[in-house]
Amino acid sequence: MQPQYYTHYSQYLHRQMEFKQYGEGGTPCLALPTGGGRFYEWEDAGMTGALAGLIGAGRITLFCADGVYGESWLGRGEARRRAETQERWHAYLCEELYPELQKRCPGRPALALGCDLGAAAAVLLALRAPERFAGCAALSGRYGAAGFFDENAGDDLVFRNDPLQFLPALPAGHPRLQALAASSIWLCAGQAPDEAEALASTQALCEAMQKKGLDPHLDVWGYDVTHSWAWWHKQMPYLLEKALDSLEPAAPLA
């Protein structure tokens with residue numbers, strides 16, 4: 001499986017951004033790196049290999065995005081500046097990288113994929129841009145942005161990037177909720193001790209969505225399932241195949 005490498009200039013981030021493409025055809029899937037990860041992380045960590053069956057069968061084209069977490073969620077310094085960087089990165093994904101997916105997979109609904117901090121990014125794409133992303137598969141995520149911006153937790157940009165805050169604030173019948181009604185959102189976490197925070201956050205997100213009439217899919221794995229690539233290699237293909245089945249039209253009866 002030979003990846004294709006691309007670089008393009010981002011007007012939002014004022015720098016060259018890089019991404020890789022794996023495969024052709026099927027559903028475009030945007031993979032977001034974990035905290036501190038880069039566009040090559042999924043390949044280096046073995047996740048592209050774990051998804052090779054879906055890529056090789058032409059069911060997905062995988063696009064691995066670059067991250068800026070060191071300047072946003074995980075950065076140091078003034079919180080507003082870091083929140084602005086996070087918002088510019090989200091805009092880059094939606095307004096500049098998403099069109100690249102559409103060039104290569106025209107007319108196909110996209111899915112966002114992520115583990116760890118990448119799961120939070122994937123959920124934000126699915127919830128904030130349902131006109132672009134038909135859903136997500138998010139593993140072992142922490143979804144409360146305020147914890148990363150403690151000194152400025154009430155900031156409007158922090159609010160915008162925290163689904164545990166903005167979902168409860170949406171009134172019944174809000175257009176965003178109507179758009180999300182058809183989304184295919186798959187959330188997963190294990191129950192090992194190092195997954196405790198991710199599990200609690202995942203359950204809280206699922207509950208917040210359900211209270212708004214949405215129907216996320218929550219998949220809780222066993223007490224031996226740790227916060228690790230070894231388990232994400234098993235979880236991501238499993239959940240992604242279910243997400244694809246929910247998007248793809250059923251085969252006609254013979």
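Here is a short chat about the fold and packing of this predicted model.

User: What does the secondary structure come to?
Analyst: This is a predicted model, and the protein has ten helices and eight strands.

User: And what radius of gyration does it have against a compact globule?
Analyst: A compact globule of 254 residues would come out near 18 Å, and the protein has 17 Å, so the two agree. The C-alpha atoms fill a box of roughly 55 × 40 × 40 Å along the principal axes.

User: How much of the protein is buried?
Analyst: Buried residues are 55% of the 254. As for the surface, the protein exposes about 10600 Å², with 52% of that from carbon and sulfur atoms.

User: OK, the inside then. Which residues touch the most other members of the largest nonpolar core?
Analyst: That core has 55 residues, and Leu-30, Leu-32, Trp-89, Leu-93 and Leu-127 touch the most other members. Helix α5, residues 117-128, gives the most to this core, with ten residues. Apart from this core there's another one of 27 residues, including Met-47 and Leu-111.

User: Back to Trp-89. What is it in contact with, leaving aside neighbours within four places in sequence?
Analyst: Trp-89 is in contact with Leu-13, Met-17, Leu-32, Asp-66, Gly-67, Val-68, Tyr-69 and Ala-121.

User: Switching topic: how many residues does α10 have, and how far does it reach?
Analyst: Helix α10 covers residues 229-247, which is 19 residues, and spans 26 Å from first C-alpha to last, close to the expected 27 Å.

User: Which residues of α10 are buried?
Analyst: Among them are Trp-231, Trp-232, Gln-235, Met-236 and Pro-237. Further along α10, Leu-239, Leu-240, Ala-243 and Leu-244 are buried too.

Key. Residues numbered from 1 in each chain as written. Predicted model: local features only at pLDDT ≥ 70, side-chain atom pairs only at ≥ 80, totals over all residues. Heavy atoms only, no water. Helix = DSSP H or I, 4+ residues; strand = E, 2+ residues; numbered from the N terminus. Expected span 1.5 Å × (residues − 1). Buried < 20%, exposed > 50% of the residue type's maximum accessible area, 1.4 Å probe, protein only. Core = buried A, V, L, I, M, F, W, Y, C linked by side-chain atoms within 4.5 Å. Contact = heavy atoms within 4.5 Å. Rg over C-alpha atoms; globule rule 2.2 N^0.38 Å. Areas by Shrake-Rupley, 256 points an atom, 1.4 Å probe, with all protein chains shown as cover.
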